[in-house]
Amino acid sequence: MTVIRIGARRSPLAVAQAEWVRDRLVSVGVECEIIGIDTQGDTDRRHLTEIGGTGVFAMAVREALVDVRIDVAVHSMKDLPTAPMPGLEIAAVPEREDARDVLVGCRLADLADGMVIGTGSPRRQVQLAAYAAAHDLDLEFRPIRGNVDTRLALVRSGEISATLLAAAGLRRLGRYDSLDLPHELLPFEVMIPAASQGALAVEIADPARPGVRELVARLDHAPTRARVTAERAFLRELEAGCLAPVGVLATVKSGHGNGIDLTLAAVIGKTFGSTSDFDGSPDALLGIEGTSEAETAAELGARLARAALVRIDDDKTSGPA
Ligand SMILES: NCc1[nH]cc(CCC(=O)O)c1CC(=O)O
């Protein structure tokens, strides 16, 4: 087998993730090189919703796979559209990093009226706003974007009071343990993460170069794959992307034989599918929970999403005219 070419975006996080995959392949005796790929999501400074949202980060890397300029693509699973792409295959879902979000700039107990929370994520905004409403706090939200360092710099300069980041990103960058700003890992009761937050997708072309699929498949982690499959099926059935006010988290209840029992918890901001603004009340979040019995992970996610859609419809017809 010749050298395996691993492609990823050039952002510091994407490079760290590619290096993580490379190190694991190297440890099983595979020679690898990393190829950085420029994507529109990295070079375009406009807000994500203006440049096409979901998928802008992944597309250029996927094109490199299709063109056989690389053998393996490493993505944040969170940024990968839920629809499968013909001709590509997710050959490994490696073990998930910390799925939680982290509040950076202050701790939950320090939140105070008038604080400016920088986040461009409707999911984070609706959940933190619900927390604020339940604690009688008046927070202001400001959309920001950019890589981890850009976001931390906005907190340091005082331009924003705090921001919300995926703990996985900070950890993979080796920045979590040395973080010199006040911060708090948010429990799932406060903040349900985005579908597959903290997980990677290791994608290959189908057909792949001989041997590539088998080598990459060694990185697959079955419990992570099951969780991510359920979470993405939930998102897909809602026809929602990473910019929807949707948090969803599957946890493994118990493993028995080959089967894995999953519990799925989700929140949907009631602004979902409507044009009205989030009204800040705690009941503006719809909570969903369910457990798989004999179902597959994908069936569990899809069933709970259909149940949620029914409840959203009911709310709309029974709500004030
Ligand atoms: N949307 C950007 C993005 N895509 C993946 C991560 C971090 C790693 C992960 O969530 O798996 C981030 C940054 C963030 O949400 O803070």
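Two strands pair if DSSP finds at least two bridges between them. Helices (H or I, at least four residues) and strands (E, at least two) are themselves DSSP runs, numbered from the N terminus. With these terms, strand β1 and strand β3 (residues 72-76) pair in the parallel sense over two bridges. Ile6 stands opposite Val72 in β3.

The model is predicted: local features need pLDDT of at least 70, side-chain atom pairs count only at pLDDT 80 or more, and totals for chains, interfaces and linings use all residues. Residues are numbered from 1 along each chain as its sequence is written.

Stay with β1. This strand also pairs with strand β2 (residues 32-37), in the parallel sense and over six bridges. Here Arg5 stands opposite Glu33 in β2.

How enclosed is β1 (residues 4-9)? Five of its six residues are buried, so the rest of the structure largely encloses the strand. A residue counts as buried if 20 or more other C-beta atoms lie within 10 Å of its own, exposed if 12 or fewer, and partly exposed in between, with C-beta atoms placed from the backbone.

Now turn to the helices. In α3 (residues 56-66), the residues Phe57, Ala58, Val61, Arg62, Ala64 and Leu65 are buried. Seen down the axis of α3, they fall within an arc of 150°, so they line one face of the helix. The arc is that of the directions from the helix axis to the C-beta atoms. An α-helix has 3.6 residues a turn, so residues three or four places apart point the same way. After α3 comes Val68, with a positive phi near 60°.

Helix α5 (residues 148-156) has the buried residues Arg151, Leu152, Leu154 and Val155. Down the axis of α5, these fall within an arc of 155°, so they too line one face. The face turned away from the buried side of α5 carries the exposed residues Asp149, Thr150 and Ala153.

Finally, some backbone details in the loops. Ser196 lies in the loop between β9 (183-185) and β10. Its phi is near 65°, a positive value in a residue other than glycine. Ser196 is buried, with 29 other C-beta atoms within 10 Å. Asp136, in the loop between α4 (122-134) and β7 (140-142), has a positive phi near 60°. With 7 C-beta neighbours inside 10 Å, Asp136 counts as exposed. A cis peptide bond joins Asp206 and Pro207, with omega about 5°. Pro207 lies in the loop between β10 (200-205) and α7 (212-217).
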